[in-house]
Amino acid sequence: MQTFVKRSIRNIPKMATSAHQNFAKYLATDHMASDLVPLDASKLQVTRTTQPKSKLPKEKLVFGQSFTDHMLTVEFDQASGWGTPEIKPYGPLSLDPSACVFHYAFELFEGMKAYKDSQGKIRLFRPDMNMARFNKSAARICLPTVDGEELIKLISELLKLDQSFVPEGEGYSLYIRPTLIGTSSGLGVGAPDKALLYVICSPVGPYYPTGYKAISLEATDYATRAWPGGVGDKKLGANYAPCIKPQLSAAKNGHQQNLWLFGEEKFITEVGTMNVFFVFKNADTGKKELVTAPLDGTILEGVTRDSILKLARDRLDPNEWEVNERYYTAHEVAEKAENGLLVEAFGSGTAAVVAPIKNIAFNGKDYDVPLVPGEQYGEMAKTVADWIADIQYGVVDSEWSRVIN
Ligand SMILES: *Cc1c(COP(=O)(O)O)cnc(C)c1O
């Protein structure tokens with residue numbers, strides 16, 4: 001038993017963390033020369049489109065299928081640093097077929113949104129968090145980092161120019177996709193000496209146009225999304241393609257998403273491309289517990305996850321609630337479900353804010369997750385979704401919401 005515990009996941013992250021610190025030091029000292037030109041928003045050059053697109057009626061918007069008139073691009077060269085930021089008409093890129101992004105997956109992205117408030121002002125939600133994560137992802141794959149505030153300024157300029165594309169109304173927003181790719185040509189495997197940062201924007205409608213629709217999950221243990229010492233906590237494109245086949249397989253059995261498990265213990269990590277929260281009832285204390293997995297390198301550090309934890313710790317009555325980041329397993333969830341102690345479960349991410357869960361297939365059994373009677377959501381999912389939407393749309397004042405115009 002002792003040796004088993006020693007080998008368990010709990011001890012691996014410590015090793016991974018010290019390895020990461022060494023790696024971070026290496027990146028800071030060796031890889032990037034410090035006299036490179038930093039990203040500078042004041043150098044921005046704007047070329048407006050001469051062919052403005054006609055806009056879809058907002059009811060017809062499909063996630064990530066239509067884009068605004070303009071995009072932002074900035075090139076990076078190891079010899080000089082960041083080049084001139086450009087806003088120009090949205091259009092194809094031209095890259096050498098040997099560019100390292102196509103062969104060795106030097107690619108990372110961010111996902112964030114702009115919201116139009118009731119006064120028509122455009123707001124970003126905690127964009128500093130996206131910039132910090134962008135830089136963590138970049139550093140891990142030897143791509144250049146940026147001054148996050150400069151990139152926010154540039155994104156703000158793009159949003160101002162394309163603000164007529166930000167749809168109005170509850171649930172509507174403009175999805176923003178900052179992307180960084182390695183563009184060095186040649187098939188040698190090594191640190192890229194050229195990169196391209198670009199930002200595209202897609203108007204999106206409410207994730208649940210006709211009200212919440214709770215999802216069914218397959219607890220997946222035959223495929224692993226992320227592992228200690230790996231890169232599952234970074235938004236690298238390379239993490240996503242391998243998850244589609246398991247998702248198709250779950251779909252064949254009638255489940256919308258994979259509940260990603262890790263290790264022999266079957267730790268619960270994430271759901272699909274979202275973080276995941278469970279609410280349990282503690283039979284001894286009578287308190288409820290809001291729980292999600294800790295950030296140990298196997299969990300994507302979701303902005304929504306962090307926001308839910310902070311708001312829950314701030315707003316829930318501590319006499320009735322515990323809010324915990326801890327390890328928990330599919331076995332624990334199954335046991336709680338069998339004993340009537342599973343209260344609810346939901347995924348969290350920028351696209352949907354919350355995705356209520358209605359059942360989980362695990363070990364050949366189907367476990368129902370309670371919902372509010374007659375509804376497609378649990379109480380806590382709805383509560384946190386409303387808390388966050390009120391901040392995003394400027395209904396309540398919060399330093400998390402940044403007006404850009
Ligand atoms: C993007 C993402 C999330 C959610 O992050 P948010 O910042 O809340 O949008 C969670 N898990 C994975 C795997 C992701 O890619």
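Tyr 207, Tyr 208, Tyr 212 and Tyr 377 are joined by ring pairs into a cluster. Rings of Phe, Tyr and Trp (its six-membered ring) are taken to pair if their centres lie within 6.5 Å, with planes under 30 degrees apart called stacked, over 60 edge-to-face and the rest tilted. The model is a predicted one, where local features need pLDDT of at least 70 and side-chain atom pairs count only at pLDDT 80 or more, while totals for chains, interfaces and linings use all residues. Numbering runs from 1 along each chain as its sequence is written, and side-chain values use heavy atoms, with hydrogens and water left out.

In total there are 14 aromatic pairs in the structure. Take Phe 63 and Tyr 175: their ring centres are 5.0 Å apart and the planes meet at 65°, so this pair is edge-to-face. Phe 63 sits in the loop between β1 (45–46) and β2 (70–77) and Tyr 175 in strand β8, so parts 112 residues apart in sequence are tied together. Helices (H or I, at least four residues) and strands (E, at least two) are DSSP runs numbered from the N terminus. Tyr 175 is buried, at 10% relative accessible area, whereas Phe 63 is partly exposed, at 46%; buried means under 20%, exposed over 50% and partly exposed in between (1.4 Å probe, protein chains only).

Phe 125 and Trp 400 make another edge-to-face pair, 6.0 Å centre to centre with 90° between the planes. Here strand β7 (residues 122–125) holds Phe 125 and the loop between α9 and β19 (401–403) holds Trp 400, 275 residues apart. Both residues, Phe 125 and Trp 400, are buried.

Two lysines also find rings. The charged end of Lys 53 sits over the ring of Tyr 90, 4.5 Å from its centre, and that of Lys 58 over the ring of Tyr 172, at 4.4 Å. The criterion is NZ of Lys or CZ of Arg within 6 Å of the ring centre and within 35 degrees of the ring normal.

As for open space, the largest pocket has a volume of about 740 Å³. Among its 29 lining residues, Lys 235, Tyr 240, Thr 273, Met 274 and Ala 351 are the closest to the centre. A pocket is an open set of points on a 1 Å grid over the protein atoms alone, where a 1.4 Å probe fits, with protein on both sides within 12 Å along at least five of seven lines; lining residues have an atom within 4 Å of a point. Domain 1 (27–204) and domain 2 (215–402) both contribute to this lining, so the largest pocket lies between them; the bounds come from an automatic or database domain assignment.

Definitions and conventions. Grid points are joined across faces, edges and corners, and a volume is the space filled by probe spheres set on the points.
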